[in-house]
Amino acid sequence: MAYVIEMLDITKTFPGIKANDKVTLQVEQGSIHALLGENGAGKSTLMSILFGLYSPDSGSIKVRGKDVRITNPNIANALGIGMVHQHFKLVHNFTVTENIILGLEPKSGLVIDRKKAAARVREISELYGLKVDPEAKIEDISVGMQQRVEILKMLYRDAEILIFDEPTAVLTPQEIHELMGIMRRLVKEGKTILLITHKLKEIKEAADYCTVLRRGRLIGTVPVAETTEQQMAEMMVGREVSFHVEKAPANPGPTLLTIEHINVRNAKGLLGVKDLSLEVRAGEILGICGIDGNGQTELIRAITGLATVESGKILNKGKDITSLPIKERTGLGLGHIPEDRHKHGLILDFRLDENFVVHSFDHAPFSHAGILDFKAIRSNADRLIAEFDVRCGQGGATPVRSMSGGNQQKAIVAREIDQSPDVLIVAQPTRGLDVGAIEYIHRRLVAERDKGKGILLISLELDEILDVSDRIAVIYGGEIVGMVNAAETNENELGLMMAGSVRKVS
Amino acid sequence: MNTRSKLFVPLVAILLGFVLGAAILIATHRSPIDMFYAMLQSVSGKNLRADTFNPRYIGEFVVQSMPIMLTGLSVGFAFRTGLFNIGAEGQLMMGSIAAVGAGLWIQAPPVIHVILVLLAAMLAGGIWGAIPGYFKARFNVHEVVVTIMLNYVALFLNNWAIVEVFKSVDRIKTPPIPPTALLKSDLLAQLTNGSRLNWGFIPVLLSILVYWFIIEKTTFGFSLRAVGFNKDGAQYAGMKVNRNIVSSMVIAGAFAGLAGAVITVGTFSFGRALPAAEGYGFDGIAVALVGGNAAIGVFFSGLLFGMLKAAQPLMQSQGIPKEIASIIQASIVLFIAMKLGIEYLMKKLKPRKAVTEEVES
Amino acid sequence: MKKNFVRAFCAFALASVAFAGSTKVGFVTDVGGIDDKSFNQSTWEGIKRFGQENNLTQGKEIKYLQSTAEADYVPNLSTLADEGMDLVVASGFLFESSMGEVAGKYPKQKFLIIDSVVKDKAGKTLPNVANAVFAEHEGSFLVGVAAGLKAKADKKNMVGFVGGMQFPLIEKFQAGFEQGVHAVNPGCKVLVDYAGTFSDPGKGQALAAKQYGAGAYIVFQAAGGTGNGVIKEAKERTQKGDVRWAIGVDKDQYNDGVYAPGKSAVLTSMMKRVDVAAHDVSAMVRDGKFPGGEVLVFSLKNKGVSIPGTNPNLPADITKKIAEYEAQIASGKLKVSEVPAKQ
């Protein structure tokens, strides 16, 4: 079969880093081709070169057998290459159709011919089974739908080769499943798909071929049907990986965090958490699973002090912290790895060493009488970077914004664990991370448990909850509807409770 | 942003600003060379054409630079906390009123009197800055709206105070402030051939030092910067976001208030009724922007804009309209705002050495 | 004794002028700018006229520097002195302290201040500064007469005054105007407002709208740039059929009030001939007769204040009446007060 895209011996160097080192990628017409690699392996750079965002230092690109020079995205578009970005580029108060036609509005005279556009959008949507309402406003539709709008945008522009950049990072399990179906449909209709991801499960489910990159180098291209997930993971990481979290049975001690009948209002002023009670004991990981939007956010905000509690009590080691300011809760040994690491976890424009001390900059050893002690701050950073294996170009002076997601998350984990809190509130700790980083963070959480800390893990990933937790609480509609031992349950049972159809509180 | 582009963008913007100014002069059949001679003379005192040297120009150059450095610090400080202080003008006027009051009503020995005057001005400016800070923190009223309004309140308060409180005879200026309360210096005036150069440069330089120290070295500056970069992140980290907003505005106001004193007891020696705002606050926005809200940057951009002001008489004397200086100032600000465009341009110009800091997979 | 000194000084000045060949005159505007259609512009016109008469090059032998803020006055005056201008002119009492300061530093430089008197701490005038002041109340009296008679003729009973900033100088306009109106139309009400600024036409228009709205038929503005808004409001109303009048100030503003060919909303103007002052003192410098330390008063008597020679909007009977009053004031028979009557 003919290659629709050939990228031959591509090399691209950034100051201090060889992002792509003689990488070759050959994609067959009508296939789903996965590009696998850890964060920083050079996947995005390679795709950016194909899309005309960067120009390579050396190497050549052929599209449908012809040598091409793609110096800007317009050329890529003209060649039928379209990209669905990880972060959608949509205008929120425009309709689906308006977003799709933005930039190439069909006109009758001076007026935009919306009807014609909408009809075309509907037609494409039906052809590929996208089920998008052309008249809906972006702000009113789900994230999964928004992604389909991005796909439609490419199709509307007659793209033949679609690049998906980490498309599942923002989707729910159900939406992921649907996306896979859409991809297969696209391929059936003659499109070619390049799928950038680090999720092996998805590759196994959808892709025909998989090209693996590691630290800018090509490791190999394999047919997915003949390769196990384990093999691909090893190619990616360069060593053996275990998917299963190794851990000894929990040895729970006294109760550390007690939540008694709390009610918390959400952003809309409604009760997001209703009469919820929980206990987290020393030396255990209590997992909270549930479908997104069932009160997890409100619960976290209430415990950490970002939201006020309507009624009820929160106790840390018997001390009432219900209405204490954030700072004092931190002081009492409550750590928090937040769900949104960019918004809450980090000051992206700060350096790494500064981010390590955002809680503790105002007391010794990091400051004396209000004057910062940069020596202490730097050596603290050096220590944490070494201990938690945070990869960063310039050590403590690295701007956090320039670090990969996995290393940003490691930095947060390092900071929160290092403060040795007794209770750690961990929300979505591995969202968007690669296998290596996930493995690391899971092991670290278990290690902290074994040191006698109490950990409350809130995650939307069922696998994660099942693997890491000792006990599992299921949250539905702001209430705890199930409380089970991790060893005694399964995906099925949890799924039913998450949907609200079964209650099981022991 | 790395250090190189931090410096590069303003320098390119400044260059483009002058190129644009020169182009307009050429297009209107005037000589840009005259402009550059005038600018050179205004900072060095040296007239290259007549080969004369008059240090008065250097003195006036410093006098013009001092207040806008302070308003630049004011705007920059608030900016560091993510606040846009349009109110430096009003804070400056309040500082001026307080300086007049402390000058006329307090009796103290020479140096102490001046220090009291400066402190009073900083206090008044600080209070005037606290008002929008409080409204922002407590009721989430946007500081831009409040500070603009307070500029007018300060203007009319000033004009009312000149007549009603300080009993101006001619309704435009207060009785003279006693010499003990003035920054004026015969020595400095003599050194600069009778310019209005005064001791004001000492509090100005100290302010720049204090600004740098607070922002870069203290825990307070650390939390201000954190709030400025990411309010949510700072709150999550347990910082008192609202208190930081108010403190930041108080300090910003104090810098501007000091500028008011430097003008009133340095450049002048009496309080003045103003027909309209004099634009020091807006100059401060430009100074802060070009200076990248950093202490040293504000110092140099203060000198740049001070030069544009100080070169006015000489430029006009060469037949170059004063609007050219405004055009240059405005276009520099515009080009700074087009930072991304300049970075793009510089990438385009040097495709081999593309500068990219973000490397993701 | 002082006079002798001045004469000696003038002789010296004459000598240096003779060498230089031409009399160089520099002018510093206040924040209003050179094209304020008022004060600065008039002064500059006087200097330009002097330049034309003496074949001086604009930009070299006669030139102006504009000020952006009050802090610019001193450097602007100093720069012109440094450049060796024979006379440095500034218009407006706002320059009083700046000129005092600079004149002290440049004792050999000749200065002219228009509209104010520069004095030292002892209250004495400076030997190198000539002071030109105007009898604005006298001229304002005449336009007051015009307004009073015009209102009476058109069966209206209210007029208005819009001042720039409220201080004694501008109150002279108000005082003269009120006395003029009441001299011929005792029952006529005179509204008075001060804008607080000389450079905000928008505010001037707003105040004019207020006064016209309240029923004022004619508004006299003594507000520089702010006053242009008053004229604009009169034009706009008259165009819409609601006939109102404005009275110009400083120079003949008839042309500023034109809203249709041959039709202007400016009834007449209180001309304050700052151009005459600037021109005449420049000529005195040329002739070696610089009136340093003197206070020159420009009044109705020496045509330093007046109404325009032609007033297309005033009927003959009114101009005749004005001429009568003018003669009385010029001869000293009628005294006009400089301060407004307390209300």
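In this predicted model, the C-alpha centres of domain 2 and domain 3 of chain A lie 27 Å apart. The domain assignment divides chain A into domain 1 (3–237), domain 2 (242–333 + 420–506) and domain 3 (348–415), and the contact between domains 2 and 3 takes eight residues from domain 2 and six residues from domain 3. On the domain 2 side of this contact, the largest share, three residues, comes from helix H15 (residues 435–450) of chain A. By class, that side of domain 2 has four nonpolar, two polar and two charged residues.

**The seven-stranded sheet of chain A**

Chain A contains an open sheet of seven strands with mixed pairing, in the order E18-E21-E22-E15-E23-E24-E25. Its edges are formed by strand E18 (334–337) and strand E25 (504–505) of chain A, each of which pairs on one side only. Within the sheet, strand E15 (residues 284–289) of chain A runs parallel to strand E22 (residues 454–459) of chain A, and six bridges join the two; in this pairing Ile288(A) stands opposite Ile458(A) in E22(A). Helix H9 (residues 296–304) of chain A packs on the sheet, where it touches E15, E18, strand E21 (423–427), E22 and strand E23 (471–476) of chain A, and the direction of H9 makes about 150 degrees with that of E21(A).

**The surroundings of Ile314(A)**

Is Ile314(A), with its C-beta neighbours inside 10 Å, buried or exposed? Ile314(A), which is found in strand E16 (residues 311–316) of chain A, counts as buried because it has 23 C-beta neighbours inside 10 Å, where the threshold for a buried residue is 20 or more. Leaving aside residues up to four places away in sequence, Ile314(A) touches Ile259(A), Ile262(A), Ala302(A), Ile303(A), Val309(A), Ile321(A) and Thr322(A). Ser277(A) lies 37 residues from Ile314(A) along the chain, and the C-alpha atoms of the two are separated by 9.2 Å.

**Chain C**

Chain C has 10 helices and 14 strands. The C-alpha atoms of chain C fill a box of roughly 65 × 40 × 35 Å along the principal axes. The radius of gyration of chain C is 20 Å, and this agrees with a compact globule, because a globule with 343 residues would have a value near 20 Å. Of the 343 residues of chain C, 58% count as buried, and among the contacts in chain C with a separation of 6 or more, residues 24 or more positions apart account for 70%.

An open sheet in chain C is formed by six strands in the order E7-E6-E8-E9-E12-E14, with mixed pairing, and its edge strands are E7 (189–194) and E14 (305–306) of chain C, each pairing on one side only. Strand E9 (residues 245–250) and strand E12 (residues 266–272) of chain C pair in the parallel sense over five bridges, and the bridge partner of Ile247(C) in E12(C) is Thr268(C). Helix H5 (residues 136–153) of chain C packs on this sheet and touches strand E6 (158–163), strand E8 (218–222), E9, E12 and E14 of chain C, while the direction of H5 makes about 170 degrees with that of E12(C).

**Contacts between the chains**

Among the two pairs of chains that touch, the most contacts are between chains A and B. Chain A and chain C, by contrast, do not touch, and their nearest C-alpha atoms are 37 Å apart.

The contact between chains A and B takes 34 residues from chain A and 20 residues from chain B. On the chain A side, the elements that give two or more residues are strand E2 (17–28), helix H1 (43–50), helix H10 (326–331), helix H11 (341–345) and strand E20 (371–372) of chain A.

In the other contact, 29 residues of chain C meet 24 residues of chain B. Strand E2 (62–65), helix H3 (73–82) and helix H4 (96–105) of chain C each supply at least two residues of the chain C side, to which H3(C) gives the most, with six residues.

Terms used:
Residues are numbered from 1 along each chain as its sequence is written. Chains are lettered from A and ligands numbered from 1 in the order in which they are written. This is a predicted model: local features need pLDDT of at least 70, side-chain atom pairs count only at pLDDT 80 or more; totals for chains, interfaces and linings use all residues. Two strands pair if DSSP finds at least two bridges between them. Helices (H or I, at least four residues) and strands (E, at least two) are DSSP runs, numbered from the N terminus. Two residues are in contact if their C-beta atoms, placed from the backbone, lie within 7 Å. Axes are lines fitted to C-alpha atoms, for helices over the stretch in contact, and angles run from 0 to 180 degrees between N-to-C directions. A residue is buried if 20 or more other C-beta atoms lie within 10 Å of its own, exposed if 12 or fewer, and partly exposed in between; C-beta atoms are placed from the backbone. The radius of gyration is taken over C-alpha atoms; the globule rule is 2.2 Å times the number of residues to the power 0.38. Domain bounds come from an automatic or database domain assignment. Ala, Val, Leu, Ile, Met, Phe, Trp, Tyr, Cys and Pro count as nonpolar, Asp, Glu, Lys and Arg as charged, and the others, Gly among them, as polar.
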